[in-house]
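Me: I would like to go through this model by question and answer. Keep it brisk, please.

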Amino acid sequence: MDQAEATEKIVAALQKKKSKTKFYFNELAKILDLKPRAAKKLINIMVTDEVLEYWSSGSTSLYGLKGVGKQAAAEHEDE
Amino acid sequence: MAKHETPLLDQLESGPWPSFVSDIKQEAEARAKNEKGVEYQIPVDVCEDLLGILELSFKHGRTHWKHGGIVGVFGYGGGVIGRYCDQPEMFPGVAHFHTMRVNQPGGKFYTSEFLRQLCDVWDMRGSGLTNMHGSTGDIILLGTTTPQLEEIFFELTHTYNQDLGGSGSNLRTPADCVGEARCEWSCYDTQALCYDLTQEYQDELHRPAFPYKFKFKFDGCPNCCVASIARADIAFIGTWKDDIRLDQEAVAAYVGGEFPPNGGSHSGRDWGPFDIKKEVIDLCPTGCMQYADGKLAIDNKECNRCMHCISVMPRALRIGNDRGCSILVGAKAPILDGAQMGSLLIPFIKVEEPYDEIKEVIENIWDWWMEEGKNRERLGELMKRQGFQRLLEACNLKPDPRMVQEPRTNPYIFWKEDEVPGGFQRDINEFRKHHLR
């Protein structure tokens with residue numbers, strides 16, 4: 001899978017999900033249907049390209065489409 | 001006159017111990033005076049507002065912090081922990097109060113000059129408050145605003161050659177003891193291994209793709225000053241394979257009172273003459289020591305490396321010469337519940353550059369955990385859920401009696417059907433010929 005195809009897949013899948021805006025890494029890997037290490041390479045580039053952004057509670061990290069959802073919500077409010 | 005009245009916090013200063021409240025007040029005063037002429041980049045009264053919000057939390061009995069957020073530096077998914085206050089109008093100085101984790105130097109060795117430089121950056125661009133060191137080992141910089149994050153990161157990396165540590169679902173900042181630099185009990189070079197793995201796994205440290213946090217900790221000997229056995233997902237604990245080196249003359253000197261036991265510690269009171277039987281022999285957990293006719297004998301094959309005798313008589317007993325480390329996995333120490341000690345995975349491995357054998361173990365564990373681990377599940381929980389046997393398979397290791405902590409209480413290893421002649425199916429009629437119901 002090339003980068004453009006992976007980005008398209010992720011963006012389409014995340015935009016469809018209306019109920020939440022933050023996703024665990026393994027949810028993204030599942031969308032790409034890749035093993036974690038292969039998925040990580042593509043997902044990292046999406047962060048560098050500013051398609052995705054990290055969200056961290058301090059103990060757990062999640063990913064979201066850049067600019068979507070709450071910017072500074074407490075962890076429990078997000079779930 | 002303080003900005004906020006803080007009677008509840010003031011009470012915390014009344015005890016005989018050092019108080020963090022006094023520290024924050026001192027910093028608040030120093031910032032207000034600004035004798036050094038610092039060009040503060042975040043509100044000058046950040047420390048006053050910190051005291052104010054803390055007082056309010058004490059009064060209400062609940063927190064006024066909101067943690068988490070997208071704050072971070074570009075390309076990094078860890079190292080910054082977002083924190084915001086839910087009363088920004090009342091306490092504007094701490095409307096943003098993000099924490100930054102700085103990867104501590106190996107063994108926490110640094111110069112006072114480095115500390116001064118770090119504090120100068122933090123005085124200007126942060127609250128001036130630090131936590132040296134956090135439980136992860138990092139240098140913790142407490143409280144700054146979002147626009148300052150990139151500025152601080154640039155300065156740390158470009159001027160001081162430092163990097164952020166790990167947070168979130170990352171490899172956390174690897175932590176080690178002082179090791180061979182200052183300790184004769186260190187069975188391997190903890191700082192070399194810690195540094196090498198920190199460099200090797202930069203991607204895992206900064207770009208989160210794990211189910212949850214993951215910790216490496218390195219202890220040079222089983223005294224475990226870093227407490228790796230209690231809190232690291234992978235603990236590297238120094239050990240030796242051959243015999244404890246024994247100097248009978250030095251034993252006699254301890255017995256004769258010539259050398260103080262325990263390296264002279266506990267000397268604040270007279271404990272009476274050193275009693276080798278009571279203080280060493282009888283305390284050996286495996287009973288592998290004897291002292292008779294002025295000679296000490298150790299049955300080394302029974303020794304479980306508790307380190308007690310070596311710690312009490314360091315001049316008489318020394319670690320063996322054939323050294324390496326044991327690898328234990330799955331420890332965790334959550335605040336609320338579920339604490340778990342590490343389980344022995346590799347009884348002995350040589351610690352030699354380029355550490356390929358060690359890296360193979362690490363990467364096999366990660367592959368298994370990244371695929372099978374549930375979100376927010378630590379390695380120790382996955383080991384319990386799927387069994388130690390699955391971990392051994394993932395690491396291509398054979399079961400070993402040394403992996404069993406207590407026989408019959410943790411039956412980790414089960415026969416598989418293809419390992420049993422004839423499988424699990426049997427001819428019940430044939431069986432009944434020889435065994436009556």
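Me: Which residue in the turn between S11(B) and S12(B) has a positive phi?
Reply: S11(B) and S12(B) form a hairpin, with two residues between them. Strands here are DSSP runs (E, at least two residues), and helices are H or I runs of at least four, numbered from the N terminus. The turn residue with a positive phi, about 50 degrees, is Asp293(B).

Me: Before we go on, what are the ground rules?
Reply: This is a predicted model: local features need pLDDT of at least 70, side-chain atom pairs count only at pLDDT 80 or more, and totals for chains, interfaces and linings use all residues. Residues are numbered from 1 along each chain as its sequence is written, chains are lettered from A and ligands numbered from 1 in the order in which they are written, and side-chain values use heavy atoms, with hydrogens and water left out.

Me: What is the bridge partner of Gln290(B) in S12(B)?
Reply: S11(B) covers residues 289-292 and runs antiparallel to S12(B). Four bridges join them; two strands pair if DSSP finds at least two bridges between them. The partner of Gln290(B) is Ala297(B).

Me: Which residues make up the covered face of S12(B)?
Reply: In a regular strand the side chains alternate between the two faces of the sheet. S12(B) spans residues 295-298, and its uncovered face holds Lys295(B) and Ala297(B). The covered face is Leu296(B) and Ile298(B).

Me: How much area do chain A and chain B bury between them?
Reply: Contact (heavy atoms within 4.5 Å) links 27 residues of chain A with 30 of chain B. Buried area is the accessible area (1.4 Å probe) that two parts lose on being put together, summed over both. Carbon and sulfur atoms carry 49% of it, and the total is about 2,600 Å².

Me: Which residues of chain A lose the most area to chain B?
Reply: Three residues together give 24% of what that side buries. They are Arg37(A), Lys40(A) and Tyr54(A).

Me: How far apart are the closest N and O atoms in the salt bridge of Asp367(B) with Arg37(A)?
Reply: A salt bridge is a side-chain nitrogen of Lys or Arg within 4 Å of a carboxyl oxygen of Asp or Glu. The count between chain A and chain B is four. For Asp367(B) and Arg37(A), the distance is 2.7 Å.

Terms used:
Buried < 20%, exposed > 50% of the residue type's maximum accessible area, 1.4 Å probe, protein only.
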